[in-house]
Amino acid sequence: MPLSKAKTAELVYSFLITVCIIHLAGCAMTSVNQTSLMGPAAAGDTQRVKELIAQGAPVNGQERGITPLAVAAIGGHLATVAALLHGGADVNAKLDQENTALLVATRKGSVEIVRLLVASGADVRARNDNGETALQLAAWEGHAGMVALLLNAGADPNSKDASDATPLIAAASQGKTEAVKALVRGGADVNGRGLKEGVTPLLFAAGAGQAAVVRALIESDVDVNAPTSTGVTPLMIAAVRGQTGIVRELLAAGAQVNARDTNGRTALAFARQSGNKQVVSVLEAAEATE
C-alpha cells in the first residue's frame, strides 16, 4: 500500500529531527552559547543540564522548532529527560508541526521515556498537524507495549488522523499483529471505518496480505463481510490481490462468497479479471458465481 500524505510527512519530519539532533549534539562542544541547554540535552549530558538549569538557563527555550526536553527524548536520554522535567520543562510544549515531546518520543520507540512523560502529565490525546496522536504513531510502528501504556493513560483507541485512519487501521496495514491485539483489548472498534471510503482494518489487512492480522481480527469477532462505500468486501480485495491463504481464512470465517459490489461484481469476478487462478479455484470450490 502507498504511504498516505500524513505518513510521508511523518517520515520527512523524523528525518529532519535526526539532522537536528546531530547538529545540536555537535553544538555541545562547539557552541559559543554556553547557557543553551540544547547541546547538552542532545548529547545526554545530564550533569551539564542540571548545572545550566541551576544557573537559570531557559529550560523551555526552542531552537529550530524543538525544545531541550524533546531533543533529550528523541535521543533516548532518560536521565536527561527526568532532569529537564524536574527543572520545569513544559511537558506539553508545542513544537514544530504541533508535535510534542510525547509524540516525538513515541516515534523513536522510547517506552521508558514515554512512561515518564505520561507520568509527568503529558497529554496523551495531543495531535500534531497531521492529526496524529501518540497512540496512532505507536500503532503504526507496532510498539505493542507502548500502545497498552497509552491506552491505560486514557488515549482514544478510535481517534482518526488527517487521512481518516484509526490506530487499528494503521497497525493492521503495517502487519503489526501484537499492536492490533493490544488495541482490540483496549477498546478499539474492530469494524471502525476510515480512509474516506469506509475501509475497515480487516479489509486493509486482507488487501495488504497481512495473514496474521487477518486471523487476529477474525478472532476478535470482526464483521468479515463489512463493505466499503462501494460495496467492496475483504474477500473481494483478497481475491483481486491474489491472497489465496487469506481468501481461505475469510471463507472459513463466514465470508459471503457471492456478495456483490455496487457494480455487481463478485469476488470470483475480481479474481478472474486479475488472472489469479489459484483464488479462482478456491472460490469455485466454495460454489462462487459471477
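How do the axes of helix H5 and H7 cross, and within what distance do they come? The axes of helix H5 (residues 78-86) and H7 come within 10 Å and cross at roughly 15°. This is a predicted model, in which local features need pLDDT of at least 70 and side-chain atom pairs count only at pLDDT 80 or more, while totals for chains, interfaces and linings use all residues. Residues are numbered from 1 along each chain as its sequence is written, and side-chain values use heavy atoms, with hydrogens and water left out.

- Helices (H or I, at least four residues) are DSSP runs, numbered from the N terminus.
- Axes are lines fitted to C-alpha atoms, for helices over the stretch in contact, and angles run from 0 to 180 degrees between N-to-C directions.
- From H5, the residues Leu78, Val81, Ala82 and Leu85 meet Glu112, Ile113, Leu116 and Leu117 of H7, where contact means heavy atoms within 4.5 Å.

**Helix H9 and its surroundings**

- Helix H9 (residues 144-152) has Met146, Val147, Leu149, Leu150 and Leu151 as its buried residues. Buried means under 20% relative accessible area, exposed over 50%, and partly exposed in between (1.4 Å probe, protein chains only).
- These buried residues pack against helix H6 (101-107), helix H7 (111-119), helix H8 (134-141) and helix H11 (177-185).

**The nonpolar core**

- A nonpolar core is a set of buried Ala, Val, Leu, Ile, Met, Phe, Trp, Tyr and Cys residues joined through side-chain atoms within 4.5 Å.
- The largest nonpolar core has 89 residues, and those with the most contacts inside it are Leu84, Leu102, Leu117, Leu150, Leu183, Leu250 and Leu283.
- Helix H4 (residues 68-75) gives the most to this core, contributing 6 residues.
- When neighbours within four places in sequence are left aside, the contacts of Leu84 include Leu37, Ala41, Val49, Ile53 and Val59.

**Salt bridges**

- The structure holds 9 salt bridges, each being a side-chain nitrogen of Lys or Arg within 4 Å of a carboxyl oxygen of Asp or Glu.
- Lys181 and Glu178 form one of them (3.7 Å, N to O). The two residues are about one helical turn apart because they lie 3 residues from each other in helix H11. Lys181 is partly exposed at 32% relative accessibility, and Glu178 is partly exposed with a relative accessible area of 46%.
- Arg215 and Glu249 form a salt bridge whose closest N and O atoms are 2.9 Å apart. This pair links distant parts of the chain, with Arg215 in helix H13 (residues 211-218) and Glu249 in helix H15 (residues 244-252), 34 residues apart.
- Arg272 and Glu284 meet in a salt bridge (2.4 Å, N to O). Arg272 lies in helix H16 (residues 267-274) and Glu284 in helix H17 (residues 277-285), so the pair ties together parts that are 12 residues apart in sequence. Salt bridges that share partners join Arg272, Glu284 and Glu290 into one network.
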